[in-house]
Amino acid sequence: MKKTSYYTPPGLISNDEKLFLEGDSSPNSLERLLHQYQNGQVRWLNSGTPWLTEGAKSWLARNISCNDKVLEFGAGRSTIFFARQAARVTTVEGSPDWTLWTLFYLYQHPYLLKKVRMHFCPAEWNPSFPEGIRRYWKENRRALDSNDVYELERDISSVSFPGNNIVFFDGNLRSTVFLQQIKKMNFDEVEVIIIDNTESIWNSEVCAKLIPETYERLDYVAGSMDVIPPWQNAKHITSIWIRKDRLEKSVPIITDVNTHMSLEERKEYMLPIPEDFDVDKSIIDGYAYIKNRLDIAQGN
């Protein structure tokens, strides 16, 4: 078979390999992606509920309506869920695999597809690069340089989609995305803020520090019905901050664990907290990284 050649712009790494290789195991094979979708991901997506704690899913199922518009960071089952429940969902995703798997599913369901808007930016690492690099860039690492990394991080964290009253933070580069989004959030517009994985001290306390007191926090702790991935060490909390005027109109959910907890009470359900963790320092360091590395001025 004739080898395909690609034009290489000046300064870029030469690449004369075929993009799609025969066989199911090659890194960029559409065959492999489709095989994984048909033999697992389609069933995963078809469940139609986000991978949050059961209590949080119950609250959302009872309180998200056809009048709501959702901005979510992280595509997948949550996209399907919000498309079924809400008027519109705008999804920001960094994984090429999950972008395509989600689109594969939506393609087969036109009444859901018409309600979805998607922004794809392949910053597929969490919490940082290169320690948290995910599947696609692990297998295509030589295509990225530091300038690419910073540009992708700038893009995915700085997106602006006004007009949404519910915002859900999950997915890649979560801390940088949250810090960028929260400082320009319109709190007169946003009624509900969902943060997954608040069993992590950063997700729990940095987010709590920056979300205004006009919102009430509800912590939904994983129970006996929850499936928790092994890397979370049997700990999973999804927290929902609800603006108090919206909370008054919401349907409450009864759970085994009190949803109004202090940090001391919450620690029982959280991952181990580093001794040197400091909320204020974490915020200062996070914004310093955004300013100095991503070259984003405060207020932008």
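Helices in these legends are DSSP runs of at least four residues, numbered from the N terminus. The structure shown is a predicted model.

Figure 1. Tyr287 is placed in helix 12, which covers residues 279-292. Because its relative accessibility is 14%, under the limit of 20%, Tyr287 counts as buried. Its side chain reaches the backbone oxygen of Leu179 at 2.7 Å. Tyr287 and Leu179 are 108 residues apart along the chain, and their C-alpha atoms are separated by 7.2 Å.

Figure 2. Lys209 and Asp280 form a salt bridge, with 3.2 Å between the closest N and O atoms. This pair links distant parts of the chain, since Lys209 belongs to helix 9 (residues 201-210) and Asp280 to helix 12, 71 residues apart. Asp280 is partly exposed, at 38% relative accessibility. Asp285 forms a salt bridge with Lys281, and here the closest N and O atoms are 2.6 Å apart. Asp285 and Lys281 are four residues apart in helix 12, so about one helical turn separates them. Asp285 is partly exposed, with a relative accessible area of 38%. Lys281 is also partly exposed, and its value is 49%.

**Figure 3. The salt bridge between Arg243 and Glu191.** The structure holds 16 salt bridges, and one of them joins Arg243 to Glu191, with the closest N and O atoms 3.7 Å apart. Arg243 lies in strand 7 (residues 237-243), whereas Glu191 lies in the loop between helix 8 (174-183) and strand 5 (192-196); the pair therefore ties together parts that are 52 residues apart in sequence. Is Arg243 buried or exposed? Arg243 counts as buried, because its relative accessibility of 14% is under 20%. Glu191 is likewise buried, with a relative accessible area of 15%. Salt bridges that share partners join Asp68, Glu191, Arg243, Asp245 and Arg246 into one network.

**Figure 4. Asn126 and the loop between strand 3 and helix 6.** Asn126 is found in the loop that runs between strand 3 (116-120) and helix 6 (135-139). Its relative accessible area is 19%, so Asn126 is buried under the 20% limit. The side chain of Asn126 reaches the backbone nitrogen of Arg174 at 3.0 Å. With neighbours within four places in sequence left aside, the residues in contact with Asn126 are Gly132, Arg134, Gly171, Asn172, Leu173 and Arg174. A cis peptide bond, with omega of about 5°, joins Asn126 and Pro127. Phe129 and Pro130 are also joined by a cis peptide bond, with omega of about 5°. Pro127 is in the loop between strand 3 and helix 6, and Pro130 is placed in the loop between strand 3 and helix 6 as well.

**Figure 5. The buried residues of helix 2.** Which residues of helix 2 (residues 54-63) are buried? They are Gly55, Ala56, Lys57, Trp59, Leu60 and Asn63. The buried residues of helix 2 pack against helix 3 (77-85), strand 5, strand 6 (215-221), strand 7 and helix 10 (244-247).

**Figure 6. A nonpolar patch on the surface.** Leu30, Leu34, Leu100, Leu103 and Leu113 form this patch, and together they have about 350 Å² of accessible area. Helix 1 (30-46) and helix 4 (96-107) are the elements that give two or more residues to the patch. Leu30 lies in helix 1. With a relative accessible area of 41%, Leu30 is partly exposed.

**Figure 7. Two residues with positive phi.** Asn197 has a phi near 65°, a positive value in a residue other than glycine. Asn197 lies in the loop between strand 5 and helix 9 and counts as buried, at 12% relative accessibility. Ala234 is not a glycine, yet its phi is positive, at about 65°. Ala234 lies in the loop between strand 6 and strand 7. Because its relative accessibility is 63%, over the limit of 50%, Ala234 counts as exposed.

Figure 8. A disulfide is a covalent bond between the sulfur atoms of two cysteines. With a cut-off of 2.5 Å between cysteine sulfur atoms, the count of disulfides is zero. Cys66 counts as exposed, at 57% relative accessibility, whereas Cys207 counts as buried, at 1%.

Technical notes: Residues are numbered from 1 along each chain as its sequence is written. This is a predicted model: local features need pLDDT of at least 70, side-chain atom pairs count only at pLDDT 80 or more; totals for chains, interfaces and linings use all residues. Side-chain values use heavy atoms; hydrogens and water are left out. Buried means under 20% relative accessible area, exposed over 50%, partly exposed in between (1.4 Å probe, protein chains only). A polar contact is a pair of N or O atoms within 3.5 Å; within protein, one must be able to donate a hydrogen and the other to accept it, and residues adjacent in sequence count only if both atoms are side-chain atoms. Contact means heavy atoms within 4.5 Å. Patches are made of residues with over 30% relative accessible area and no salt bridge: like charges are joined within 9 Å, nonpolar side chains (Val, Leu, Ile, Met, Phe, Trp, Tyr) within 5 Å. Accessible areas come from the Shrake-Rupley method with a 1.4 Å probe; for residues, only the protein chains shown count as cover. A salt bridge is a side-chain nitrogen of Lys or Arg within 4 Å of a carboxyl oxygen of Asp or Glu.
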